[in-house]
Amino acid sequence: MRGMRKGSKRRLLAALIAAVLIMHSFPVTVAAAGYELSATMKKSFDKMADAAGGTFQRNLGAQYGELTALQQEHRKRDADSKELRIRNDEALKVLRRQIKQLDESHLAELKRRVDDTKARYKPMLDMYTSINQQITTAKKLHSKEWAAILQIQANGMKAAVQLAKQDIRNKEAQLTAAKGQTSAKQKKIRETLTALEPVDVKMRTHREAVTRLNKQVASDWKTFTPHVKQQDAKASSEALSALLSRLRQISDHKRSLYDLEAETTVIINKAKTQLSKL
């Protein structure tokens, strides 16, 4: 009984080793670089195509060539889109900061004038307020003479106080008006940038489509490679056809993504031009 168990274990081990050897006899490259048959499996593919001859041979060669070409196109398009996206992101970041800081020094100067004006008049205004409070207190105490003296002082300051308050109001009005003008300018530029929102929505749609198609391509590749191992030219060609159809769709989506990045650049540049003219 023990001998039988040992024999079963040896047979199981032998079967596992054989399975591993079979798997590695036709290695397939599916890495970050994309989908590509290994040198060993490419020889098997070429052998299958040669054996099929005629139309199948030509089709298989053309299909595999297109597989390589489409993936190269994808990598180039991805690199171009990434480069443009990085530039757009940085340009938009700088632009938004510039919009926020628009007229910053001018508004700061107007605010400084308001503060300086208030500080300059504060002693006089505080004194005027104090005198009027004392007048109220004197009247409550029925000190008519003291109230009268204080009233003379208040009357003497009244014109200067009115001018001071008007000066403060004028400078505050200037600051308020300037803030309003700045806000209007900022709003105009930000309205231009709202055109980015539908572009972003379209980008998300295309990216989601690419993700979905990439999963389908991975499944197609798993379908294709066993056919090559089995030297089934017809099934291999059909599997490649399905795979290439999805890769072409991915190409369209990636082309659209690049075009949308270019559209983003146009919108940002339009806003930058508006800002430069303010």
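**Salt bridges and helices: a chat**

Modeller: Glu 109, Arg 112, Arg 113 and Asp 116 are linked in a network of salt bridges. Keep in mind that this is a predicted model.

Biologist: Nice. How far apart are the closest N and O atoms of Glu 109 and Arg 112?

Modeller: They are 2.5 Å apart. Both residues lie in helix H4, 3 residues from each other, or about one turn of the helix.

Biologist: And which residue does Arg 113 form a salt bridge with?

Modeller: With Glu 109 again, where the closest N and O atoms are 3.2 Å apart. Arg 113 and Glu 109 are separated by about one helical turn, because they are 4 residues apart in H4.

Biologist: Why would such side chains pair at all?

Modeller: Side chains of opposite charge can pair when their charged atoms come close.

Biologist: How many salt bridges does the count come to?

Modeller: The count comes to 19.

Biologist: Switching to H4 itself, where does it bend?

Modeller: At Lys 122, by about 50°, and a proline, Pro 123, follows within four residues.

Biologist: What span should H4 have, and how far apart are its ends?

Modeller: H4 covers residues 104-140, so at 1.5 Å a residue its 37 residues should span 54 Å; the end C-alpha atoms are 51 Å apart, which agrees.

Biologist: Which helix do the buried residues of H4 pack against?

Modeller: Helix H5, residues 144-193. Among those buried residues are Leu 107, Leu 110, Tyr 121, Leu 125 and Ile 135.

Biologist: What happens just after H4?

Modeller: His 142 takes a positive phi of about 60° there. Just after H6, Gln 231 also has a positive phi of about 60°.

Biologist: And what about the span of H6?

Modeller: H6 runs over residues 196-229, and its 34 residues should span 50 Å at 1.5 Å a residue; the end C-alpha atoms are 49 Å apart, so that agrees.

Note on methods. Residues numbered from 1 in each chain as written. Predicted model: local features only at pLDDT ≥ 70, side-chain atom pairs only at ≥ 80, totals over all residues. Heavy atoms only, no water. Helix = DSSP H or I, 4+ residues; strand = E, 2+ residues; numbered from the N terminus. Expected span 1.5 Å × (residues − 1). Bend = angle between axes of the 7 residues up to and from the residue. Buried < 20%, exposed > 50% of the residue type's maximum accessible area, 1.4 Å probe, protein only. Contact = heavy atoms within 4.5 Å. Salt bridge = Lys/Arg side-chain N within 4 Å of Asp/Glu carboxyl O.
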